[in-house]
Amino acid sequence: MSASPENLVAIFVMALAAMAAKGGGFIAMRWLGRHRFVAAMLDHAPGAVLVSAAVVPLTQAGGAYWAGAIAAAVLTRTAGGFTPGLFGAVGAVALARWAGLQ
Amino acid sequence: MILPGLASLPFGIGFGVAAAQKGLSAFETTLMSFTVMAGTSQMVALDIWARPLPLVALFVSVFVANLRYFVMGAALQPHLPHLPWWQQPLVWYVTVDQNWAINIAEYRRGHGDLGRFLGGGFIMACIWSGSTLLGHLAAGGVLSDPTAARRLGLDFVGVAVFVVVATILFRGKRDLAPWAVAIVVALAAKWSIGGNWYIVIGGLAGGLFGALRDYRKTGEKTPS
C-alpha cells in the first residue's frame with residue numbers, strides 16, 4: 001500500500017472539485033428555487049437531461065444499442081418498472097450482438 | 001443498484017489499467033475512485049497527470065467535466081429542502097448519473113427515500129472503486145480486455161438506465177416538445193463542442209424551453 005504525498009494532495013484537490021460541482025447546484029437552489037421560473041425550468045430539466053444523456057451514445061453506436069433502447073422503453077411501459085426494463089435492454093443488446101449487429 | 005453499478009465495471013477496469021500505466025499505485029487508484037467517484041473526470045485528470053502535478057488544472061478540469069452534476073443537484077434540491085447541513089455533503093457525494101436518475105424518478109412519484117439514495121450511491125462507489133482496483137491489479141492481463149463485457153451487453157447498462165428512467169418520467173404530450181429541443185440541442189452541442197457538455201447544454205435547453213412555454217400558456221410575464 002504505497003502513496004506519495006504529492007499524489008494524495010492531487011487526489012484531494014480532485015475530490016474537492018467533484019464535490020464543488022455536485023454541491024454547487026444543490027446550494028444555489030436554496031436561493032434560485034424561490035423563483036417560479038427556475039422551479040418551472042427544473043420541472044422539465046430531469047427529463048431533458050436524461051434524453052440528452054441517452055441520445056448521443058445511441059446515435060454514435062450501432063443497431064444493437066437501438067434494439068436495447070426500444071426493449072428498455074417497451075418493457076418499462078408494459079412490464080411496469082425499472083428492473084424488467086433494464087434487464088430486458090441488456091439482454092436485447094447481447095442478443096442483437098449475437099445476431100451480428102454492432 | 002448492483003446492476004447499474006456493474007455498468008461501470010468495464011470503464012472502471014479500463015481506468016485502473018490507465019492509472020497503472022501513469023504510475024499510480026493500487027491504493028492511490030482506489031482512493032481516487034472512491035473519493036472523486038466520477039469516471040469521466042478521472043480519465044480527463046489522468047490525461048494531464050504529469051510531474052510536477054498541475055493542481056489548478058486538475059481542479060478546473062475535474063470541476064468542468066462534472067458540471068452536469070450541477071444541474072442534477074439543482075433538480076434534486078427541491079425534493080430535499082430541509083436536509084440537515086451535515087447530510088448535504090453525503091447527498092452531493094452520491095449524486096452520480098444512474099443513482100440520481102433512479103432516485104429523482106422516485107422523488108417525483110412521491111416514493112423518494114434518502115436511505116435508499118445514500119445506500120445505492122455507496123454500493124455504486126464500492127463497485128466503481130473495486131473495478132478500478134481490479135483493472136490496476138490486472139493491468140495488461142485478461143481483465144483489461146473489455147470485449148467480454150461488451151458481448152454480454154454490459155456496456156449498454158449506463159445508457160439503458162437513462163432510457164428506462166426517461167420512460168418512467170414521461171408525462172405524455174407536455175414533455176414531447178421540451179425533450180425534442182433537448183435532443184436536437186444535445187446533438188448539436190456534441191457535434192460542435194465535443195466532450196460531454198451535451199448533457200448540460202441539452203438539459204438546460206429542454207428545461208428552458210419547457211419553462212418558457214409553460215409561462216406563455218399561463219399568460220404570465222417571463223422574467224427579463
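The structure is a predicted model, in which local features need pLDDT of at least 70, side-chain atom pairs count only at pLDDT 80 or more, and totals for chains, interfaces and linings use all residues. Residues are numbered from 1 along each chain as its sequence is written, chains are lettered from A in the order in which they are written, and side-chain values use heavy atoms, without hydrogens and water.

Chain A contains 4 helices and 0 strands, where helices (H or I, at least four residues) and strands (E, at least two) are DSSP runs numbered from the N terminus. The radius of gyration of chain A is 20 Å, whereas a compact globule of 102 residues would have a value near 13 Å; the radius is taken over C-alpha atoms, and the globule rule is 2.2 Å times the number of residues to the power 0.38. The C-alpha trace of chain A spans about 50 × 50 × 25 Å along its principal axes. Of the 102 residues in chain A, 52% are buried (under 20% relative accessible area, 1.4 Å probe, protein chains only).

In chain B, the axes of helix α12 (residues 173–192) and helix α13 (residues 197–218) come within 7 Å and cross at roughly 150 degrees. These axes are lines fitted to C-alpha atoms over the stretch in contact, with angles from 0 to 180 degrees between N-to-C directions. Residues that meet (heavy atoms within 4.5 Å) include B:V181 and B:V185 in α12(B) and B:I201 and B:F209 in α13(B).

Terms used: Buried means under 20% relative accessible area, exposed over 50%, partly exposed in between (1.4 Å probe, protein chains only).
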